[in-house]
Amino acid sequence: MPVPTPDRPPQRPARPPHSPDLLVIGGGIVGLSVALFAAREGLAVALIDPRPFGSASTARSGALIRTHYDSEVEARLALAGLTLFESFSELIGGESPFTPTGFAYVPTVEEVVDGRFRARVAMLAGCGIDTEILDAAGLSEIDLNLDISDVGVVAYEPRSGFADPALTTAGLAAAARRAGTQLRLGVAATGLIESGGRVIGADTTAGPVFAGAVCVCAGVRSRALCAGVGLDLPLTPTVIALLTVPRAVPGHLSVIDAAGGIYFRPDPPQQTIVGRRAFDDVVLDAPDDEPEPPDWSFMDAALPALQRRLPSAIGAPVIARRAGQLDMTPDGRPLLGPTALPGLWLSCGWSGTGFKTGPSAGQQLARWLVTGSAPDRDLEAFCIERVPEPARGPRSPH
C-alpha cells in the first residue's frame with residue numbers, strides 16, 4: 001500500500017520490487033509501536049536496529065505511566081497511552097507489563113500559591129482524565145507512606161502506575177512480527193538515501209534498504225541521520241540517571257515530586273527506583289557516548305529528596321545505579337509527523353516521555369502515514385516546524 005505525503009501529490013520514485021512501504025529506524029518502544037500499527041494498517045514494514053529491542057533508552061526508562069501534563073494535547077495522548085497499557089494483553093498480546101499503583105504529582109509551593117496547580121488539574125479533568133486534588137488527610141487514606149507536609153496537596157490519579165520495559169518491548173516486537181513486520185536486529189542505519197528531493201530509504205551496515213517512506217525513531221542518533229539530508233533536528237543528547245534502593249514498605253504510589261526535583265516508583269521485588277526530574281545539566285558531547293552510572297553528586301541530591309517524601313527510605317542503601325540517554329527538544333515535546341522532505345517522517349525527541357505515550361503515538365502516526373492527515377489535528381503541534389531557529393536548550397517535562 002502506498003504511503004501518501006500530506007498536501008503533496010502521490011509521486012513516488014521507482015524503487016526495487018518487494019521493498020517495504022515503510023522503513024522504521026529504531027527498535028525501542030517508539031519504533032516498535034510505529035512498526036506494529038503501520039503493519040496493522042496494511043503497510044509492508046521493515047524495522048532495523050543495531051541492538052536488541054528496547055536495550056537503549058527504553059530499558060533505562062523510569063517507565064511511569066501517568067497523564068499529568070501541562071497541555072491538553074499531551075494529556076490526551078498520555079490518556080490514550082494509559083488506556084492502551086491497561087488493555088495491553090487484549091490490544092497488543094502477551095503478558096501485560098502494566099502495574100497500576102496509582103500516581104501522585106507533588107507540586108511546588110509556587111504552583112499552589114499562584115493557582116497553576118489547580119488550573120492544571122481542572123484542565124486534565126476536562127480532558128477526561130481521572131484525577132483529583134487530595135490534601136494530606138485524603139492522601140493518607142490511599143498511601144500512608146508519603147509525607148507532603150511541606151506542600152499540603154497532590155494531584156492523584158488512581159489508574160496510573162508503571163510498566164516493565166522488557167515485557168513491553170517483547171510484547172510489541174512479537175505483535176509486530178505477527179502483523180508481518182520484517183524485524184532486523186544487528187543492522188544499523190548509517191545515513192538516509194535521497195533521490196529527486198525525496199527520501200527513499202537508508203544506507204545500512206547490511207547495505208541499502210529502499211522504502212516508500214522512512215520513519216526515524218532512533219532517539220539521540222536521529223539528529224545525525226537527518227543531518228545527512230539537510231534536516232537539522234533540534235535534539236540534545238542528555239543523560240537519564242536512576243538509582244535503586246530497597247523498599248521497607250509493601251508498596252507506595254508512583255510519584256513525580258516537582259517540589260523535590262525527583263520522581264520515584266516501586267519496583268519488584270521490594271525496591272524503589274528514583275530518578276532525576278530535570279536533565280538539562282548533564283549534556284553528552286556525542287550521541288554515541290555511553291553514559292557512566294550516576295555519580296555521588298546525583299545520589300547526594302536524590303536520596304535526601306526521596307527520604308523527605310518517603311520517610312521509610314531513610315537509611316536505605318543504594319543497591320543499583322544506571323544511566324541512559326534522552327533525546328531532548330527545546331520545549332520537552334516530541335518531533336512527530338512528516339517533515340518538509342517528502343518520504344521522511346519523525347517520531348523522536350521524546351525528552352523522557354516516550355515510554356508512556358510511545359504506543360498511542362505509534363498508533364496515531366501509523367494512521368497519519370496511511371491517510372495523509374493527522375487523526376487528531378492537535379498532533380500537528382508536534383511537527384518540527386514549530387521549533388524556532390536557532391533551537392534553544394532542552395527543558396524536561398518530567
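## Confidence in the model

Where pLDDT is low, the predicted coordinates should not be read in detail. For the protein, the mean pLDDT is 89, and 90% of its residues reach 70 or more.

This is a predicted model, in which local features need a pLDDT of at least 70 and side-chain atom pairs count only at pLDDT 80 or more, while totals for chains, interfaces and linings use all residues. Residues are numbered from 1 along each chain as its sequence is written, and side-chain values use heavy atoms, with hydrogens and water left out.

Ser 222 is found in helix 8, which covers residues 222-227; helices (H or I, at least four residues) and strands (E, at least two) are DSSP runs, numbered from the N terminus. Because its relative accessibility is 0%, Ser 222 counts as buried, where buried means under 20% relative accessible area, exposed means over 50%, and partly exposed lies in between (1.4 Å probe, protein chains only).

A polar atom of the Ser 222 side chain lies 2.9 Å from the backbone oxygen of Gly 219. When neighbours within four places in sequence are left aside, Ser 222 is in contact with Val 216, Cys 217, Leu 233, Leu 235 and Cys 348.

## Salt bridges

The whole structure holds 17 salt bridges, each being a side-chain nitrogen of Lys or Arg within 4 Å of a carboxyl oxygen of Asp or Glu. One of them joins Arg 120 and Glu 111 at 2.5 Å, N to O, and both of these residues are buried. Another joins Arg 223 to Asp 232, with the closest N and O atoms 3.0 Å apart; here Arg 223 is partly exposed, at a relative accessible area of 35%, and Asp 232 is partly exposed as well, at 42%.

A further salt bridge links the side chains of Arg 309 and Asp 257 (3.0 Å, N to O). Since Arg 309 lies in helix 9 (residues 296-309) and Asp 257 in strand 15 (residues 254-257), the pair ties together parts that are 52 residues apart in sequence. Arg 309 is buried, with a relative accessible area of 2%, and Asp 257 counts as buried at 1%. Both belong to a network of salt bridges that links Asp 147, Asp 150, Asp 257, Arg 308 and Arg 309.

Notes:
Polar contact = N/O pair within 3.5 Å; in protein donor to acceptor, adjacent residues only side chain to side chain. Contact = heavy atoms within 4.5 Å. pLDDT = per-residue confidence, 0-100.
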